[in-house]
Amino acid sequence: MRGAVLHSPGDVRFEECDEPKIIAPTDAVIRVSATCVCGSDLWPYRGIQAVEQPTPMGHEYCGIVEEVGSAVTSVKPGQFVIGSFFASDNTCPHCKAGYQTSCEHREFVGGAQAPRLRVPLADGTLVATREVPSDDLIPSLLAASDVLGTGWFAADAANVKRGSTVVVVGDGAVGLLAVLSAKQLGADRIIAMSRHEPRQKLAHEFGATDIVTDRGDGGVARIKELTKGIGADCVLECVGTQESMLQAIGAARPGGYVSYVGVPHGVTLDGQNLFFRHVHLHGGPAPVRRYLPDLIERIWSGGIDPGKVFDLKLPLENVAEGYRAMDERRAIKALLRP
Ligand SMILES: [Zn+2]
């Protein structure tokens, strides 16, 4: 089979890869219905994260189970399944506490930008839908695999509830879906920080009530202005840079919550500032598995349409164009169909 392999910064090739197969009795192999390019794939693509060797890319997936190992009991061939970027057993103490991305047996799922994929710990990782979905549901179900689950965690970790005033820092797919998630969780006011007109439009569609285009200290000042000098109850940081993190902490009111779900690159925080700010900080790799059953149900019932973040759809063989378009911010997120 052929799949996406990153050779060096800017060099993604669609080339011959090994066929995935069952290695452990807890594995499943799925036929990928759709996959996509993640904002975090752009870190190595841009050379910000080292590329040590040719690396099969992709960690967002949904598809049909083809084969399962002898120990797998909860999914079977023919079922449509969705899983997260970390395989987890869903039984260890960390999984039971709802932190499946810190599973004692976690394993990164890579190489999803390919027609077939091996998923370890299939019983704990994969969630099957009640039947094979119609084609129009696939983009939204794929979004649940990472970006929606991560946006949802951002909202949950920042304690968004009925009546909250929320700020979302970052207008990538995760930030936009954090807006959607905050709306679903009952936020009263949702301020999206974005400078890009098409993204502002989608943020409004997902439930944003205000848009702030300023960044850094200017952005913090604007949030204070909009909240009568108080700051926001909940700030969802969906970027991972020093500037975005400081902006998030600065925008929260004393006693407020800041969640952070963008992989930090070069972020350092000052203890004194944190101490006197009185904010709750909670973030990390989103435990998407915790939310999958609920998110699938919301998508299935037509309550949410997170698939709208895919503004570019390509055949998998054109994967390199998907990376280019996202790198150049011509696309919010590229969906790939094998
Ligand atoms: Zn576990």
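How far apart are the mean positions of the 34 positive and 40 negative charges of the chain? They sit 5 Å apart, counting Lys and Arg as positive and Asp and Glu as negative, with His and the chain ends not counted. Each charge is placed at NZ of Lys, CZ of Arg, CG of Asp or CD of Glu. This is a predicted model, where local features need pLDDT of at least 70 and side-chain atom pairs count only at pLDDT 80 or more, while totals for chains, interfaces and linings use all residues. Residues are numbered from 1 along each chain as its sequence is written, and side-chain values use heavy atoms, with hydrogens and water left out.

**Overall build**

- The chain has 12 helices and 18 strands, taken as DSSP runs numbered from the N terminus (helices: H or I, at least four residues; strands: E, at least two).
- With a radius of gyration of 19 Å, close to the 20 Å from the globule rule for 338 residues, the chain is as compact as a globular protein of that length. The radius is taken over C-alpha atoms, and the rule is 2.2 Å times the number of residues to the power 0.38.
- Along the principal axes, the C-alpha atoms fill a box of roughly 60 × 40 × 40 Å.

**Burial and contacts**

- Of the 338 residues, 53% count as buried (under 20% relative accessible area; exposed is over 50%, partly exposed in between; 1.4 Å probe, protein chains only).
- Take the contacts (heavy atoms within 4.5 Å) between residues at least 6 apart in sequence: 68% of them join residues at least 24 apart.

**Salt bridges**

- The structure holds 22 salt bridges, each a side-chain nitrogen of Lys or Arg within 4 Å of a carboxyl oxygen of Asp or Glu.
- One of them pairs Arg46 with Asp327 at 2.6 Å, N to O. Arg46 is in the loop between helix H1 (42-45) and strand S4 (55-56) and Asp327 is in helix H12 (residues 319-327), so the bridge ties together parts 281 residues apart in sequence. Arg46 is partly exposed at 40% relative accessible area, and Asp327 is partly exposed at 28%.
- Arg337 also bridges to Asp135, with closest N and O atoms 3.2 Å apart. That pair links strand S18 (residues 334-337) to the loop between strand S10 (127-128) and helix H4 (138-144), 202 residues apart. Arg337 is partly exposed at 28%, whereas Asp135 is exposed at 51%.
- Glu205 and Lys201 meet at 3.9 Å, N to O; both lie in helix H7 (residues 197-206), 4 residues apart, about one turn of the helix.
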